[in-house]
Amino acid sequence: MAGEVWAIAEQREGEFRKVTYEVVSEGRRIADKLGKKLFAVVLGKDIKDKSAELAHYGADKIIVAEDERLLHYTPDAYCSVLYQLVKADTPDIIIMGASTQGKDLAPRLAARLDVMMAQDCTKFEVEDGKLIAIRPIFTGKAYAKVVFENSIPNIVTARPNVMEIAEPDTSRKAEVVDASFSLDDSELKTKVVEVIKDESGKIDLTEADKIVSGGRGMKSAENFKILEELAEVIGAAVGASRAAVDAGWRPQTDQIGQTGKVVSPNLYIACGISGAIQHLAGMGTSKVIVAINKDPEAPIFQKADYGVVDDLFKVVPALTQAVKKYVKK
Amino acid sequence: MNIIALVKQVPDTETIIKIAPDKKSIVTEGIKWIINPYDEFGIEEAIRTKEKFGGQVTVIGLGPQRVTEALRTALAMGADKAIHINDPALEGSDSLTVAKALAAVIKGMEYDIIFTGQRGIDDDMWMVNIALAELLGIPHISLAIKIEFVNDHKTIRVHRPVEGQTVVVEADLPVLVTCQKGLNEPRYASLPGIMKAKKKPLEVKKLSDLGLDASQVGEAASKLKVLELSPPPERKPGKIIEGETPEQKAEELARLLHEEAKVI
């Protein structure tokens, strides 16, 4: 078999990460437009049974590579296995999530295959039987529509939280097959020695459905407590602008912006954030943007769907109370 | 220790990006060029590593004439020598090709560790660095926020943040590391540093030095073609929420988020 669309799954601790369902769903849509089959490819350990459910999201076949050395992602092991599978079965298109894993794996695989890749795509189209990818550049200050030339397989990564996950069709079935590969320990040059989990329950910003974010207007680290309270009630993650991170109020991993994380939640509430161009670059594709700032001239109001020009220290706690009646239990 | 740091120039983050009339490139006139912010962490880490263990730092940059400025800044910060790959034939090359050009230079060098930024904030491709490691046949570790040398400096141990966790990874040298914000605070070039930099070696390499053919590089050879550039999607104009008190505005906002936006 050859010429399929392959969606590469991402697993952790026996579960598929949300981006897996996004790329299988999007892979299905692309495959349909091209009249191709969609294979889901899973690398991991003790994940074969779970893999069957990828059929519900559109996979025609599920290829599972299981090995102790694939339990934790390393570029060496994953690239080696995928390279072997690709050489054997020659897909036309490979799609994976633009998570930290995908952004790390796709370039190495592409280089090994001597092809290009399109990173962090926000939309896919098909024109004249070719895959077209649309991706942000300059951290979203512009968008590039790109197409591959002399570059099979086309390797693309999809920005997390953007591709719509299909309604699972539990009547769909697909063959689950064991991948044929070999892995030599001498190939494995990077080794995971420890995994340190973040505070439990903390949602990663790049995957959060809702984000409450604070900037210079928060004035102190302690004041972020009011954002955390709002976040708790609506089920949001808490982010920060560069100003808040540079002031030492929030960790670097919370920074949203051109030199921080790029996020795409359904709801982004910016509190005391002026909306500098570099911050907007990091959250401009949020579906609904709310700005709370006492400065009516703050540039953030240009991007916001809803703006409140008032004291955030009064508005945010009031909002926390006001939303309680709407939040589902 | 022989240390390499890669340097790229990108438009300053304040730049308002304007799309050129051909819709396939951006207007470069008037752009202020800076060292890619993530590369600064790489240059800084390279210099600190030299300060700790001895050796020398070579910075390498690929691009037009203006890139010499970036290389001189890196030399002023404390790097020892610079290599500038400068050939008009390379303009418009895709990331894979840039990696090949860099590999052509680096494979002839002695090196223990290569530092790069996690990505260029212009094309956001996150590819040249990792592709380079692949082409050199060395391991890579990306998104480093903490680097330690262990096992008698033969191995590095790197902390890298991924979603929801920090993973600690080890690899034997030689290795390529991509640097994430939080790894270090890059130093400013001192005046004595700037003066010394003028005398430090800066070697220029042309296409012929790379063993690559003109047909293999540049826009024509690119495996990823730009069909069109466009500005970011327009957002519908928003509304400022009215109310007598902050509490009233908050109530109205909550109501709109629930009933109109349907996000709560």
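## A strand covered on both sides

Strand E6 of chain B has both faces covered: Ile113(B), Phe115(B) and Gly117(B) on one side, Ile114(B) and Thr116(B) on the other, are all buried. Buried here means 20 or more other C-beta atoms within 10 Å of the residue's own, exposed means 12 or fewer, and partly exposed is in between, with C-beta atoms placed from the backbone. Strands (E, at least two residues) and helices (H or I, at least four) are DSSP runs, numbered from the N terminus. E6(B) spans residues 113–117, and since five of its five residues are buried, it is largely enclosed by the rest of the structure.

Before going on, a word on the model: it is predicted, so local features need pLDDT of at least 70 and side-chain atom pairs count only at pLDDT 80 or more, while totals for chains, interfaces and linings use all residues. Residues are numbered from 1 along each chain as its sequence is written, and chains are lettered from A and ligands numbered from 1 in the order in which they are written.

## Who pairs with E6(B)

Which strands run parallel to E6(B)? Strand E1 of chain B (residues 2–7) is joined to E6(B) by three bridges, and the two run parallel. E11(B) also runs parallel to E6(B), this time with five bridges. Two strands count as paired if DSSP finds at least two bridges between them.

## Cis prolines

Chain A has a cis peptide bond between Ile152(A) and Pro153(A), with omega about 0 degrees. Pro153(A) sits in the loop that links strand E10 (142–148) to strand E11 (154–158) of chain A.

In chain B, the bond from Leu173(B) to Pro174(B) is cis, omega again being near 0 degrees. Pro174(B) is found in the loop between strand E10 (165–172) and strand E11 (175–179) of chain B.

## Positive phi without glycine

Thr139(A) is not a glycine, yet its phi is positive, near 45 degrees. This residue lies in the loop between strand E9 (130–137) and E10 of chain A. Is Thr139(A) buried or exposed? Thr139(A) counts as buried because it has 23 C-beta neighbours inside 10 Å.

Lys219(A), also a non-glycine, has a positive phi of about 70 degrees. Look for Lys219(A) in the loop between strand E14 (210–214) and helix H5 (224–234) of chain A. With 16 other C-beta atoms within 10 Å, Lys219(A) is partly exposed.

## Where the chains meet

The contact takes 67 residues from chain B and 77 from chain A, two residues being in contact if their C-beta atoms, placed from the backbone, lie within 7 Å. Elements giving two or more residues to chain B's side include helix H3 (95–106), helix H4 (128–136) and strand E9 (155–162). Helix H7 of chain B gives the most, with nine residues. By class, chain B's side has 38 nonpolar, 11 polar and 18 charged residues; Ala, Val, Leu, Ile, Met, Phe, Trp, Tyr, Cys and Pro count as nonpolar, Asp, Glu, Lys and Arg as charged, and the others, Gly among them, as polar.

## Domains of chain B

Chain B is divided into domain 1 (2–216) and domain 2 (234–264), with bounds from an automatic or database domain assignment. Taken over C-alpha atoms, the centres of the two domains are 46 Å apart.
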